[in-house]
Amino acid sequence: MKSVMSRRMSSVLALIVMGFALSACGEAKPLQPPPPAPPEYADMHMPDGYWGNEEIIAQGKAIFIGAENIDVNCASCHGKDGKPVKAGARDFRQGDHMAKFSDAQWFWRVSEGVKGTKMKAWKSKLSEEDRWKVIAFESTFGLKGKEYSVAEKKWVPHGTAKTAEEVAAEESAAKGSEPAGGEEAEEAPTEEAHTEHAPH
Ligand code: HEC
């Protein structure tokens, strides 16, 4: 009797231990910002007029859910609403995680996939335009109403992204208002000294 009980106990214990081990495996890895996009992708950005464009987003959705091409079904892993249905896929509804990616990083991931995971390279199946469309749709899960501002290097409300010129103007205005005798004032003479010495 006693041995039956303890055997039962130990199998219950084994189940509990297995349960813990499984849930630990299934747990999402801590959310890390992705590595920078390689040089060939670093300067790729969402085409003008795509962010927040209902038509583009609808076309992106058709691709994402496999309605456009049965071989391309992002939703089979990422879920129709961005809630993952396959282990390992991250939750696209988590805006704070998705915002760690620039548009170039998303484009790179979709184009080349993620080695060692279920995420394939899609560049042979999707044109550049289609990849951007799918990204425009995908961003609506966690970053609805936002767009990536290349100049500011962050996600901002749609239509408020600043141009590189605006950011540069703001930066120089901020520098101008700094107390006098900043780095600039000290650096300038050194540079002049250099040019004077140069032609020997
Ligand atoms: C067979 C399952 C599967 C399919 C189909 C799939 N993905 Fe993924 N995808 C994954 C997994 C798993 C990851 C996480 C890789 C990692 O660990 O970084 C991922 C990562 C991503 C990422 C990077 C963000 C992140 O959370 O790491 C993007 C963007 C993405 N997928 C978009 C797409 C798009 C767009 C499609 C359709 C063209 C697609 N995926 C199809 C499984 C899939």
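Visitor: What are the ground rules for numbering and for pLDDT here?
Guide: Residues are numbered from 1 along each chain as its sequence is written. The model is predicted, so local features need pLDDT of at least 70 and side-chain atom pairs count only at pLDDT 80 or more, while totals for chains, interfaces and linings use all residues. pLDDT is the predictor's confidence in each residue, from 0 to 100.

Visitor: What does the chain average?
Guide: The average pLDDT is 83, and 73% of the residues score at least 70. Over residues 19-28 the value is below 50, and that stretch has 2 contacts beyond near neighbours in sequence. Residues 185-199 stay under 50 as well, with 1 contact beyond four places in sequence. A contact means two C-beta atoms, placed from the backbone, within 7 Å. Where pLDDT is low, the predicted coordinates should not be read in detail.

Visitor: How many helices and strands?
Guide: The protein chain has 9 helices and 2 strands. These are DSSP runs numbered from the N terminus: helices are H or I with at least four residues, strands are E with at least two.

Visitor: How do the strands run, parallel or antiparallel?
Guide: Strand 1 (residues 146-149) and strand 2 (residues 154-157) run antiparallel, joined by 4 bridges; pairing takes at least two bridges found by DSSP. Glu-147 stands opposite Val-156. The two strands form a hairpin with 4 residues between them, and Lys-153 in the turn has a positive phi of about 55°.

Visitor: Switching to helix 3. Which residues are buried?
Guide: In helix 3 (residues 54-64) they are Ile-56, Ile-57, Gly-60, Lys-61, Ile-63 and Phe-64. Buried means 20 or more other C-beta atoms within 10 Å of a residue's own, exposed means 12 or fewer, and partly exposed is in between, with C-beta atoms placed from the backbone.

Visitor: Why do they line one face?
Guide: Seen down the axis of helix 3, the buried residues fall within an arc of 160°, so they line one face; the arc is taken over directions from the helix axis to the C-beta atoms. Glu-54, Glu-55 and Ala-58, on the other side, are exposed.

Visitor: What covers the buried residues?
Guide: The cover includes helix 4 (75-78) and helix 7 (128-142).

Visitor: And the ligand, how many residues surround it?
Guide: 20 residues do, and the closest are Cys-74, Cys-77, Gly-88, Arg-90 and Met-119. A residue is near if its C-beta atom, placed from the backbone, lies within 6 Å. Helix 4, helix 6 (103-112) and helix 7 each supply at least two residues of the shell.
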